[in-house]
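Colleague: I am new to this structure. Please walk me through it, one question at a time.

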Amino acid sequence: MSSVPINHPAHAIEWHLPDKRRVGMSALIAGESAIFAIFVVAYLFYIGKNFTGPTPRQVLEVPIVGTICLLSSSLTIWRAEKAIEEERMAGFTLWLAATITLAAVFLTDTAFEWKKLIYQDRLTISTNLFGTTFYSLVGLHATHVVVGLFLLTATFILSLFGWVDSRQSERFGAIALYWHFVDAVWVAVFTVVYLIGR
Amino acid sequence: MSDYTLPASSVIEAGAFASESGTVLERLHGWVVTVDHKRLGILYILYSTFFLLVAGAEALLIRLQLAFPHNSVLSAQVFNRFFTMHGTTMVFLVGMPFLFGFANYIVPLQIGARDMAFPRLNAFSFWLTAFGGFLLYYSFLGGAGLYGMGNAPDVGWFAYAPLTARSFSPGHATDYWALALIVSGFGTLGTAINIIATIISMRCKGMTLMRMPLFTWLLLVVSMLTLVTITPLTAAQFMLLIDRYLGGHFFDTQAGGSSLIWIHFFWIFGHPEVYVLVLPAFAIANEIIPVFCRKAIFGYPAMVAASVCIMFVSLSVWAHHMFTVGMTSVSNAFFTLSTMLVGVPTGIKIFNWIATLWGGRIRFTTPMLFCIGFLFQFLVAGLTGIMLSVSPWDWQLHNSYFVIAHFHYVLVGAIVFCIFAAIYYWYPKATGRLMDEKLGKWHFWLFVIGFHITFDTMHFLGLLGMPRSIYTYQPDRGWSFLNLVVSIGGLIQGIAVLIFAYNFVVSYWRGKVAGDDPWDAWTLEWATSSPPPVYNFEELPVVHSRRPLWDLKHPDDPDWEYES
Amino acid sequence: MQMAPIRRLICLCGASAWLFRTTSALGQNSSPTTLAPASTSAHQIFDLSIFVVAVTGGIFFVVGGLLAIALFRFRVRKTDPAGEPAQIYGSTQIELAWTVIPLLIVVVLFLTTARIIFAIQDAPKPKTALDVTVIGHQFWWEFRYPKYGVVTANELHIPVSSGSAPQATFLKLTSADVNHSFWVPRLAGKTDLIPNHVNSMWMDPQKPGLYLGQCAQFCGSQHALMLLRVYVEAPEQFATWIKNQQQPALQDPVVAAGRRVFETQACMNCHAISGTAATGRFGPDLTHLISRGTLASGAMDNTPANLRQWIQAPDTFKHGALMPAMQLNDQQLDEVTAYLETLK
């Protein structure tokens, strides 16, 4: 359409739309939140309804270390975001490494917790309602952490090669948004499983 | 046809399509690897048309079996597979892909963009959906062999637990159902994300949200709704698979699990899903009705508000599918109220459409005829919906043929009618040729007559106590004659659809050349050639009102002077 | 083109009147129609539905009429002036009006409906109510009368309720396997049978007779043949029936051979016959099998030939029923059928 009347005052308007990557990631987060919500509802619904043991109170230990690490990783990734926006790439790589380390600690903590639950307490996904809902919900979250870890590690490796700079800040912003979401979900899961459900 | 020509059309070169030339294999390859939203849109539409014919054939066989009591055209097992596959196919492999296919084709054009926000995600989502459909139909092979219809799902399209548990559904039928829908569900999610990002972030200059065409607005609402609609189903299906394969107990009533929680989760998906299906039908009507009565849509801001309202309220009505499961009287009353309330913004839209027609100059072209059918039928469907929302009456009507009549009135009478309207309307844009009007009218009249013979009658079968999902019925129930009538109407619809399929295919080569703007319409897709070049627009447009082409055609009386 | 609105209206009225007459006429026998209510709750639902049809019918005629008029009046004509018609973008007053009026209609409809919801669901249970427990199975109905110690299958007998002697039957519903739904349209709305969950409903039929219904929640391959027969009887008839059901099974020495077949061929694993060693609960109780009008929850008439065929090959009648073909030879079939035929 090349023959649009040019005299309209709106022709010289500022035209800024939100970045498509952030919008897309936000939309994905909305959808994922709905999936988590369903698993959370199932968990809450089945609290106390087991026909057989073990019960949460008997076997669950609050994963303090893992939680602190995961929640701090939100801070570190925020620092990384700031660094890449301001083209401080060395800082970016360091903060990214910190985030990855904290996430790895969280996953390791979860792994040890599950090892204890499975081998010591004999709690598996098929043991009872608690087992089913616990491993599904926490496992779904852990899967999302793994995916995030994969994205972060890929970015880290690329930045080691020097291929990342401030032009990728919007892309990294989308990943960071995902990471914050994963942390927020952990707050919800932690509250439901270790505080309400025990 | 307008005698006003836009400059863009003359500049389209022969090489606007990269793979127009080349061997058959090269051209086919071009379609397989494409990330162009127009090609993907066409692929979605061809895919859904194929499954429309398949699921339609399933329906005709179902009606053949039910035309007479104690009939033996289909055995119980085969019938149960057919009605499950008919429903599952129509919702997931016809309805959703058609509507997302139109979205894919039309939305970037209407907002003056060159493509969707994430073209590769777009292609990936299509192929996921396609694979999901392939997986679902692969289920016909294996199991007890083709004449027993293999392993095709046979648990109803809503797959209630614990019927779907390993103990009651041994074999893989249920697994095919869950896996195919999980896969295609991810495809749907990808497309929804893509549409949202495209609409929010890629509108051309001057196109504020309140200047978007209503088609685009409604698809934004639909995509947002889809995000929280399809995902509960995916979650529930994961839970089902955990139960079936990892020994989980989500729906295992023997271990304290609950059948009710599946029902809740399914309908938390299932109800908004029908709004995901019907809102694009409104979107289509919003485009076609104004053009063929030559007036702007009446009450654009109200139409937007009503759509957003529907999106929110539709999330609160799901348990009207569950009035008979034994909820408390207070819960039943709540869901009765919320369901009646969601009828208000929906009804308002009908009033807006009538007000649009009022004072216009109505041209009864084929797309308009289908929209008129939609208006009458959606009115009736909405009213039978109100009847069903009255929970005591629903205690009689639930799971009867009255419900089947109601939802087919919406799915066929509203949605399929609008899909046909959309095809006749946008076919010239996508192919450069008009579909034949005479065949179109034959299609319309035969289809509308067959539709009413089938679905008007079906309401009475429900009132007479005939439940759904039964492969046969007793001759002493008084249902025999009406069932025969219903089946005959189905045959007539089948013939009409065949006429449509013929028109659809032959017009590609023999249709009248359309030009850029055969309908004298007002939105941006008509400002470029038919079909558009790969890059959509020579120059990205700048708009100042809701009907940019109206402004161009009426420079003395542009829309921006009237819009608030 | 479009039919003139008046002709369309007349056709519609005529067609619906004919259909309504035909369909309600069908309700004169035991046909399971919702349009011939025979109990309090069915009546309440029917009356409510008439009101709803009146309201929605009114809306249909007004809105549909306006639509038809618009299509007729504003069709394009050769005599139209050149150019486009006047563009009307909206009208706040009109739009407000058509938002408020539907909301008012919703309020009226909702309040009317809520009254009936509470009247039916929260109806107090009278002291004289008869208790029946219904347990759904694939693909048959188990009925227990706890107060009388009676267990039977597929055919429910309940006493009639009259103005002078009101008698309600309160049902408790649950399932032994998957979801089912109890629907006898002339007597009540349907209520689902859900495993690990107990629902309740009530009926007070006002006219004796046989009322038909069937399972209304898809429950597997033979959902279509999970039929219901409810015999509503005068109090004396009902008392006689209960008395008979309470008796243990007849012990006729003539059919001792058949009884031995029954006890040795694994029938007892699933079926119970009171007064014998058979106490299986997976299949229907057979103590008074011959007192029923049909076999296999309504799939076929209760005749010796059908019974014999059923035992030999259930798939003949109900392919997918959970009773296996018992692989009996002809002599065993004759004997066990003769035995079962004595279980009146």
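Colleague: How far apart do the C-alpha centres of domain 2 and domain 3 of chain C lie?

Modeller: This is a predicted model, so every value is computed from it. The domain assignment of chain C gives domain 1 (5–74 + 89–121), domain 2 (130–246) and domain 3 (253–341). Between domain 2 and domain 3 of chain C, the C-alpha centres are separated by 22 Å.

Colleague: How many residues of domain 3 of chain C are in contact with domain 2 of chain C?

Modeller: On the side of domain 2 of chain C, β2, β3, β10 (227–233) and α4 (235–246) of chain C each give two or more residues. By class, that side has eight nonpolar, eight polar and three charged residues. Domain 2 of chain C brings 19 residues to the contact, and domain 3 of chain C brings 15 residues.

Colleague: What is the strand order of the open five-stranded sheet in chain C?

Modeller: Take the pairs in turn. Strand β2 (residues 140–145) of chain C is joined to β3(C) by four antiparallel bridges. Strand β1 (residues 130–137) of chain C runs parallel to β5(C), with seven bridges. The pairing in the sheet is mixed, and its order is β3-β2-β1-β5-β8 (chain C).

Colleague: Which strands of chain C stand at the edges of this sheet?

Modeller: Strands of a sheet pair through backbone hydrogen bonds, either parallel or antiparallel. An edge strand here has a single partner, so one of its sides is left without a neighbour in the sheet. The edge strands are β3 (150–153) and β8 (199–203) of chain C.

Colleague: By how many degrees are neighbouring strands of this sheet turned against each other on average?

Modeller: The sheet is an open one of five strands. Direction is ignored for this angle.

Colleague: Which residues form the uncovered face of strand β5 of chain C?

Modeller: In a regular strand the side chains alternate between the two faces of the sheet. The covered face of β5 (residues 169–175) of chain C holds Thr169(C), Leu171(C), Leu173(C) and Ser175(C). The uncovered face holds Phe170(C), Lys172(C) and Thr174(C).

Colleague: What is the bridge partner of Leu171(C) in β8(C)?

Modeller: β5(C) and β8(C) are antiparallel and share five bridges. In β8(C), Leu171(C) is partnered by Met201(C).

Colleague: Which residue in β3(C) stands opposite Phe143(C)?

Modeller: β2(C) and β3(C) run antiparallel. The residue in β3(C) that faces Phe143(C) is Thr152(C).

Colleague: Is chain C a compact globule or more spread out?

Modeller: Chain C has seven helices and 12 strands. Its C-alpha atoms fill a box of roughly 100 × 45 × 35 Å along the principal axes. The radius of gyration of chain C is 28 Å, well over the 20 Å that the globule rule gives for 344 residues, so chain C is more spread out.

Colleague: What percentage of the contacts in chain C between residues at least 6 apart in sequence join residues at least 24 apart?

Modeller: For burial, 43% of the 344 residues in chain C are buried. Among the contacts in question, the share that joins residues at least 24 apart is 66%.

Colleague: Which two chains share the most contacts?

Modeller: Two pairs of chains are in contact. Chain A and chain C are joined by no contact, and their closest C-alpha atoms lie 12 Å apart. One contact takes 43 residues from chain B and 35 residues from chain A. Another takes 77 residues from chain C and 74 residues from chain B. The most contacts are shared by chains B and C.

Colleague: Which element gives the most residues to the side of chain C that touches chain B?

Modeller: Elements that give two or more residues there are α1 (5–25), α2 (40–73), α3, β6 (180–183) and β7 (191–193) of chain C. By class, that side has 41 nonpolar, 28 polar and eight charged residues. With 15 residues, the top contributor is α3(C).

Colleague: Is Thr99(C) buried or partly exposed?

Modeller: Thr99(C) sits in helix α3 (residues 92–121) of chain C. Beyond its neighbours within four places in sequence, Thr99(C) is in contact with Val344(B) and Ile348(B). A buried residue needs 20 or more other C-beta atoms within 10 Å. Thr99(C) has 17, so it is partly exposed.

Conventions
Residues are numbered from 1 along each chain as its sequence is written. Chains are lettered from A and ligands numbered from 1 in the order in which they are written. This is a predicted model: local features need pLDDT of at least 70, side-chain atom pairs count only at pLDDT 80 or more; totals for chains, interfaces and linings use all residues. Two residues are in contact if their C-beta atoms, placed from the backbone, lie within 7 Å. A residue is buried if 20 or more other C-beta atoms lie within 10 Å of its own, exposed if 12 or fewer, and partly exposed in between; C-beta atoms are placed from the backbone. Two strands pair if DSSP finds at least two bridges between them. Axes are lines fitted to C-alpha atoms, for helices over the stretch in contact, and angles run from 0 to 180 degrees between N-to-C directions. The radius of gyration is taken over C-alpha atoms; the globule rule is 2.2 Å times the number of residues to the power 0.38. Ala, Val, Leu, Ile, Met, Phe, Trp, Tyr, Cys and Pro count as nonpolar, Asp, Glu, Lys and Arg as charged, and the others, Gly among them, as polar. Domain bounds come from an automatic or database domain assignment.
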